[in-house]
Every structure is written in C-alpha cells, then in structure tokens.
Amino acid sequence: MDYQFSQEQEMFRKSVHDFLQKECPPAVVRDVVEKGKDYPWELYRKMAELGWLQLLIPENYGGMGGNWVDVAIFYEEAGRVLLPSPHFTSAILGAEAILALGNEEQKNRYLPQIASGDLFLTLALSEVGATSDLKTVTTSAIAQNNSYIINGTKLFIQDGEYADWFITAAKLGPPDTGITLFIINKNSIGLRCIPLNSLLFSGLKLSQVNYEGVNVTMENILGDIGKGESITEVVDRARIATCAEMVGGAERALEMTIEHTKQRQQFDVSISSFQALQHRMADMALAIEGTRWLIYYVAWLQSQGISCAMERTMAQLQTGETYEKVAAEATQMHGGVGIMREHDMTLHYSRAKATKVILGYPEDIRETIAQSLDI
Amino acid sequence: MDFRFNPQEEQWRKEVRDFFEREVTSELLEQLEAKGEEHSPELYQKLTQKGWLGLSWPKEYGGKGCGIIEMCIFYEEMSRAQAPIQDVYRHSIAYFGSELIALGTEEQQKHFLPRLARGEITCCRGFTGPEAGSDLANVQLRAVEDGDYYRLNGEKTFMLAHYTDHIVALTRTDPNAIPKHRGLTMFIVDLESPGVKMRPMWTLGGHKRSQVFFDDVMVPKGNLLGKLNRGFYQAMEDLNQERSGAFQIVLLEKYFHNLIQFVKKSRRNGQPLGQIPETRQRLADLTTGIQVAWLISRYTLWRQSQGMSTDKEAAMTKLYVSELSQRLARVAMDTIGPLSLLEYSGQSKEWTPLMGQFPWLYRNCSMETIGGGTSEIQRHVIAMRGLQLPRTKGM
C-alpha cells in the first residue's frame with residue numbers, strides 16, 4: 001500500500017503548479033471567460049514545448065508516454081487556476097480517440113501534430129436529442145462512390161471553433177446500419193462551425209457544427225464501420241481528466257473560502273471562528289478528500305490497465321456532486337462580494353455547474369453504476 | 001502509488017479470516033443472543049492460545065509487535081466474522097495494554113500485562129461520565145488522597161464494565177485546576193472493589209453498557225496510571241491506536257451486499273424491485289459512498305503506518321463512515337418497506353427478511369455518530385487541525 005506520489009510525480013506536479021501560477025493568473029482567465037477573448041495561445045505553445053500536450057501519447061508517436069496519474073496531476077493543477085485551454089479536447093479526448101481506435105497511418109498522421117500543438121482535434125458526437133446515447137444520433141452518412149456523404153447538426157461541441165478536425169459520429173444509411181466515426185476536416189465543403197454562448201463565466205466554449213452534404217473519403221473513417229459506439233469508452237476514460245480538473249477547482253474554492261472567512265470580520269470577530277461556517281468547511285474538506293482519492297484510484301487503475309468502468313463512473317458522480325456543492329457553499333460563505341462579477345468565486349460557481357453538466361446526466365451516471373450492481 | 005496490500009499482508013488476512021470463520025459459529029452467536037450477551041469469554045480465551053492477546057504490543061512486553069496495517073487487517077477480519085469479543089479486545093488489549101506500556105510503572109506492567117495476555121483479566125476504558133461527553137475535561141468523578149489510597153466517589157456512564165473486571169477511570173483529583181484539564185488523573189480500578197455498583201444501560205441497538213457508581217471506593221496509590229493531574233492529556237494521546245475505521249466499512253459492505261440480494265429477489269406491486277429507477281439511483285449512491293469510505297479509510301491507515309499525523313484524516317473517516325452507515329440503514333428500510341419494520345423475534349420471524357438486520361442497523365447506527373466523538377466534534381477537529389481555523393469561544 002502506498003498513497004504517496006513518486007518523486008517524479010511530485011516534481012511534475014510542482015513544475016505544472018509553478019508554471020500555471022506564473023503563466024495563468026486570474027487576469028488571463030478573465031480575458032477568456034469574461035471578455036470572450038481567444039484562448040491564450042502563447043500559453044498553449046509553452047505547454048507544447050514543455051511536452052504537456054503529449055501526456056498520453058506514446059514515445060513512438062512523438063510523445064512522452066505518460067499515464068493517467070500524470071494526466072490527473074496535470075488537471076488537478078489546471079483546475080485550481082481554471083486553465084482556459086483546448087488541451088482537454090485535443091490532447092486528451094482527441095489523442096485518446098486516435099490512439100484507441102485509429103489505424104497506424106492515422107496515428108502517425110495525427111498524434112505527432114497533436115503533441116506539437118500544431119493540430120487540434122475535437123469530438124463531434126452529441127446532438128440536441130442525443131447527448132448521452134450515441135445510438136440516438138440522427139446525423140447520417142450515406143455511402144456514395146467510395147466515400148460517404150454526411151448530413152446533420154451536431155451540438156455542444158467543445159472548442160469546436162478551434163478544431164482542425166472533427167471526429168464525427170454518424171448513422172449509416174441503408175443497407176448498412178450502426179454508428180460510424182469519421183475524421184472530418186474543418187475546411188470540408190458543407191461544414192460550418194458556429195460558436196454558441198454558454199453559461200456566463202463558465203469558460204466553456206461550445207459550438208454547433210452543421211454538415212450539409214459533406215463528403216468524407218474511406219481513409220478518414222476512424223475505427224470499424226458500424227462500431228462507432230466504442231468511442232464512448234474513450235470519452236469515459238478521458239473524463240478522469242475532467243474529474244481531476246473539477247476537484248482541483250473545488251480545492252481552490254475551499255482555500256479561497258478559508259482565506260476569506262479568516263480575514264472577514266463581523267460582530268467584532270473573524271467569521272471563521274463561527275461553527276456554523278466551520279462545520280460546513282469541514283464537510284467541504286471531507287467531500288474533497290474522498291473525491292480526490294477516488295479520482296487518483298481510478299487514474300491509477302487505468303494506468304495499470306486494470307478494468308475500472310464502475311469506479312470511473314463513481315468518480316464522475318462523486319466529483320460532480322462535490323464541486324457543485326463546494327462551489328455553492330463557498331459562494332454562500334463569501335457573502336455579497338462572492339457574487340460580484342469581479343470576484344473569482346463566480347468563475348468557480350459557473351465552472352462547477354458547467355463541468356458537472358458536461359460529465360453527464362446524474363441519473364444516467366447513477367443508472368450506469370446500478371447496472372454494474374446487476375440488480 | 002499502489003492501492004493494494006502486499007502478499008505478506010494478504011497472507012496474514014487469510015490466517016485471521018480462517019481462524020474467525022472457524023471459531024465464530026452461528027451456534028456461538030445464537031447462544032449469546034439467547035443469554036442477551038455480546039461477549040464470549042470462551043472465544044476470547046482461544047486468542048490466548050494463538051498468542052493474539054497483545055498482538056500490537058512490542059515483543060519485549062510479550063506481544064507480537066504487529067504494525068498498524070496488520071492490526072487493521074486483524075480488526076477487519078474480526079468484524080467480518082462479527083466475533084463477539086471485539087469491544088473487550090479493543091478496550092483491554094489495544095487501549096489498556098498500550099496505556100500500560102506507555103504510561104505504566106514497571107510493577108503495573110509486570111502485574112497486568114501477562115494477565116491480560118493470558119486473558120485472565122479484562123479492562124474497559126472509563127473516560128466519559130454523565131457530565132463529560134464532548135467536553136471530556138469536565139469529568140467530575142472525584143478522587144481524594146487518603147493514606148495509601150485514593151478514595152473515589154461519583155459516577156461513570158456508557159461503560160463496557162459489564163464485560164470486564166477492571167476499569168481505567170479518569171477522575172478529578174484537583175477540583176480547583178485552571179484550566180480544568182489539568183486536574184484529572186487515571187486510576188486502574190478493580191470492579192470487584194467494595195463500593196462499586198453497576199446498572200446496565202441498554203442502547204437502542206441492544207448493547208449492554210454500564211452506569212458505574214463509585215461509593216467510597218478505595219484504590220491503592222500503586223494503581224495510579226501515568227502522572228497525577230495529567231489524565232486528560234494522557235487520554236487525548238491516541239497511543240498509536242488503529243484509526244482507519246475499516247472494521248466498520250467491512251460490515252457496511254456486508255449489509256449492502258445483503259440489501260442487493262434482497263432487491264434482486266423481491267418485487268414491489270408486481271414489479272421487480274431492482275427495476276425501480278429511484279431504487280437503482282439510491283443504491284448507486286450507496287455503493288459510491290462505500291468506495292469513497294474505503295479510500296479515505298485506507299489513506300488514513302497508510303498515513304498512520306508511515307508515522308504521519310492522522311488527526312484530520314481519522315476525523316474525516318469517522319465522520320464519513322458513521323454518516324454513511326446511517327444513510328445505508330435509512331435507504332435500506334425505505335427500499336425494503338414495511339417488511340423492514342419487523343424485528344426478528346416471535347411471530348415476526350416468519351416474515352422478517354435478512355434476520356432483521358436493517359431494523360437493527362437503524363437502531364444501532366444511531367450510536368455511531370455519537371460514541372467515540374460526535375460528528376460535531378469530528379467536524380471541529382477537521383476545522384481546527386485540518387483547516388487551521390480559529391477556535392470558537394468556549395471550545
């Protein structure tokens with residue numbers, strides 16, 4: 001039994017922490033989140049130079065061959081500073097999708113460029129009526145002369161406005177059936193990506209992607225034809241990064257609350273001496289501690305190649321509840337200043353809800369866990 | 001990072017599990033139940049032969065020198081088998097034994113330790129009183145010097161004294177001490193002493209606890225444990241007691257498993273219970289809770305095994321596990337419905353599912369957020385030691 005991070009992991013954490021403290025102060029976050037500015041690309045380039053876009057990419061594809069524990073460490077630190085970046089969509093989700101489902105040629109084509117930061121991939125799976133079950137996707141792919149014609153509308157596509165390639169799920173037309181994945185270039189004729197306005201202050205950049213007779217060649221099919229649902233396993237694995245990001249955010253929200261209540265005086269004393277607040281802060285700390293270990297447990301299981309579908313789903317449930325609760329309590333304990341837009345607590349308040357919703361419907365998550373109870 | 005036990009630890013677990021599986025028979029438990037008892041002196045004696053009375057003591061004191069992880073495994077397996085000796089073991093061997101080793105005189109050690117190891121004597125902890133719960137420093141059981149003795153007058157409550165022959169009584173030796181923490185002293189008291197009277201106090205969960213009255217009880221000065229007026233501080237030292245609470249999670253897991261079995265084979269209004277969405281949702285929450293409980297508990301255990309502080313972690317574990325146990329009991333009864341109201345006795349037996357485990361758990365778990373430090377005290381500890389928040393006035 002060893003709950004200690006290795007020396008390399010501690011060093012990695014420290015370098016991520018120090019870098020983000022320096023390069024990602026609240027002002028940088030606010031530029032993106034509040035003013036709707038572009039992602040800080042300079043920061044992204046620096047992360048690429050440090051090799052942090054390669055955490056999941058094996059050495060033979062130009063990566064560093066890290067593992068999920070490293071990913072969790074990186075994201076816990078990223079969550080603390082609310083790092084505004086398409087890192088997740090491209091370097092985690094996109095990379096993992098290509099790695100898990102791509103053929104050798106696709107891996108060689110995309111992975112080194114993801115690692116260098118020269119290329120962005122995002123997943124375009126969900127639609128207005130199909131957010132958690134790929135089987136209900138209505139975007140169609142009709143075979144025609146050695147290629148496919150794609151028609152449909154995708155919604156909630158993370159960082160779509162920056163993507164060079166969209167990994168798109170579409171339903172094959174007759175005679176074939178089933179969901180198939182296509183890697184589609186942003187410049188394809190008939191493809192249009194339109195940014196959407198998401199929950200204020202959440203920092204989430206969602207898009208709509210329209211496909212009107214987009215032509216895709218066979219070589220751009222990802223994985224087996226008709227077996228596109230295997231992408232859900234990829235998404236599920238990748239979500240441990242989101243969970244780690246969320247718990248990092250929760251940790252920071254609690255720290256800010258402790259700092260605030262210690263400094264804030266009412267009734268001639270520091271309000272941090274009130275048990276009505278202390279006990280709630282204790283509950284927040286407890287929720288974070290349990291969630292954090294659940295996340296690292298799952299990350300460790302994934303890095304060991306031990307199957308952990310149930311634990312992973314538990315981590316999603318636990319993390320969503322924790323960040324949401326901690327952010328709401330932290331906001332409450334900040335009083336009036338905490339709900340002013342100039343206060344950073346508002347960023348956590350919105351971010352917590354947005355990431356929780358992105359993780360999936362709580363009922364679905366619980367149902368998935370219940371299924372593994374075999375009742 | 002590694003979340004597993006090593007092979008030696010697994011081997012030790014197997015040895016302990018095999019022993020208790022063999023020795024804790026359903027006949028043994030039924031016999032005790034019929035007598036209204038919860039401690040089996042016969043089973044306790046069998047631990048002597050294994051050399052397990054004193055597992056955690058250093059070898060030079062006749063122990064086996066087991067570390068925290070091995071002790072945790074031992075408690076887990078005792079708990080899994082629901083061995084009817086756990087409280088007496090913990091109080092006599094883990095608490096009293098460790099206190100003797102840390103604080104006792106050579107004479108006390110020579111007298112008590114071998115007898116404890118042979119199972120000839122048992123001893124309960126005697127800290128709490130009617131006036132001293134969360135505020136332990138408020139102990140009022142009075143001890144006054146009288147020649148070669150101390151004369152004890154007063155009362156202790158919620159004790160395990162019906163199952164032991166000795167008690168380590170925390171007494172007030174200096175009524176004028178400021179702060180009051182500095183006026184308490186520990187004494188080893190033979191419960192057969194003249195002037196000791198006991199009355200059972202039954203918990204809602206069916207545990208027999210004792211109200212112990214001290215009426216001019218004369219305790220030899222040689223039985224003072226530790227230092228005069230340092231009793232409160234001695235009581236606060238945990239003396240390397242295993243703090244992971246894992247033995248409780250083992251049981252929760254077992255109850256949860258039983259609940260799942262019930263759900264699988266039951267119907268409600270014609271529909272299989274396991275297909276009711278709300279039920280499935282609540283069970284998903286519970287199983288997630290149990291997973292979280294294990295991780296917090298193991299983290300506490302690991303820290304303790306590394307000699308790191310565990311004040312915050314142990315408080316978190318205690319708080320989480322005790323509240324989880326209440327959550328489990330409530331959800332289980334909701335899920336089972338009216339059948340969960342039937343206690344396992346008389347005509348009810350014909351209907352009672354799972355031998356009345358859940359009405360019992362519901363009654364019994366009320367104790368868990370109170371005994372061993374209330375949930376409020378755990379939150380206080382997390383706030384003070386974990387988050388370094390300032391003290392509330394009066395605390």
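This is a predicted model: local features need pLDDT of at least 70, side-chain atom pairs count only at pLDDT 80 or more; totals for chains, interfaces and linings use all residues.
**Helix α8(A) against α9(B)**

- Helix α8 of chain A (residues 275-303) and α9(B) have axes that come within 9 Å and cross at roughly 95 degrees.
- Angles of 65 to 115 degrees count as roughly perpendicular, and α8(A) is therefore roughly perpendicular to α9(B).
- From α8(A), the residues A:Glu289, A:Gly290, A:Trp293, A:Leu294 and A:Tyr297 meet B:Gln291, B:Val292, B:Leu295, B:Ile296 and B:Tyr299 of α9(B).
- The contact of α8(A) with α9(B) comprises seven nonpolar, two polar and one charged residues.

**Helix α9(B) against α10(B)**

- Within chain B, α9(B) and α10(B) pack with their axes 9 Å apart, at an angle of about 160 degrees.
- Because an angle over 145 degrees counts as roughly antiparallel, this description applies to α9(B) and α10(B).
- The crossing of these two helices, α9(B) and α10(B), is left-handed.
- Residues of α9(B) that meet α10(B) include B:Thr279, B:Arg282, B:Leu286, B:Gly289 and B:Ala293; among their counterparts in α10(B) are B:Tyr320, B:Val321, B:Leu324, B:Arg327 and B:Leu328.
- The contact of α9(B) with α10(B) divides into eleven nonpolar, six polar and four charged residues.
- B:Ile296 and B:Tyr299 of α9(B) take part in the contact with α10(B) and also in the contact with α8(A).

**Length and end of α10(B)**

- The 26 residues of α10(B), at 1.5 Å a residue, should span 38 Å, and the end C-alpha atoms are 38 Å apart, which agrees.
- Just after α10(B), B:Gly337 takes a positive phi of about 80 degrees.

- Most residues other than glycine have a negative phi, and most peptide bonds are trans.
- A:Phe156, which is not a glycine, has a positive phi of about 60 degrees and is found in strand β3 (residues 147-158) of chain A.
- A:Phe156 has 20 other C-beta atoms within 10 Å and is therefore buried.
- B:Asn229 likewise has a positive phi, near 65 degrees, and is found in the loop between β8 (224-225) and α7 (231-236) of chain B.
- With 16 other C-beta atoms within 10 Å, B:Asn229 is partly exposed.

- B:Asp148 is found in the loop between β2 (142-146) and β3 (149-159) of chain B.
- B:Asp148 is exposed, because 9 other C-beta atoms lie within 10 Å.
- Apart from neighbours within four places in sequence, B:Asp148 is in contact with B:Pro220 and B:Lys221.
- From B:Asp148 to B:Ser297 the separation is 149 residues in sequence and 46 Å in space, C-alpha to C-alpha; B:Ser297 is one of the α9(B) residues that meet α10(B).

Definitions and conventions. Residues are numbered from 1 along each chain as its sequence is written. Chains are lettered from A and ligands numbered from 1 in the order in which they are written. Axes are lines fitted to C-alpha atoms, for helices over the stretch in contact, and angles run from 0 to 180 degrees between N-to-C directions. Helices (H or I, at least four residues) and strands (E, at least two) are DSSP runs, numbered from the N terminus. Angles under 35 degrees count as roughly parallel, over 145 as roughly antiparallel, 65 to 115 as roughly perpendicular and the rest as oblique. A crossing is left-handed if the near helix is turned anticlockwise from the far one by less than a right angle, and right-handed if clockwise. Two residues are in contact if their C-beta atoms, placed from the backbone, lie within 7 Å. Ala, Val, Leu, Ile, Met, Phe, Trp, Tyr, Cys and Pro count as nonpolar, Asp, Glu, Lys and Arg as charged, and the others, Gly among them, as polar. The expected span of a helix is 1.5 Å times one less than its number of residues. A residue is buried if 20 or more other C-beta atoms lie within 10 Å of its own, exposed if 12 or fewer, and partly exposed in between; C-beta atoms are placed from the backbone.
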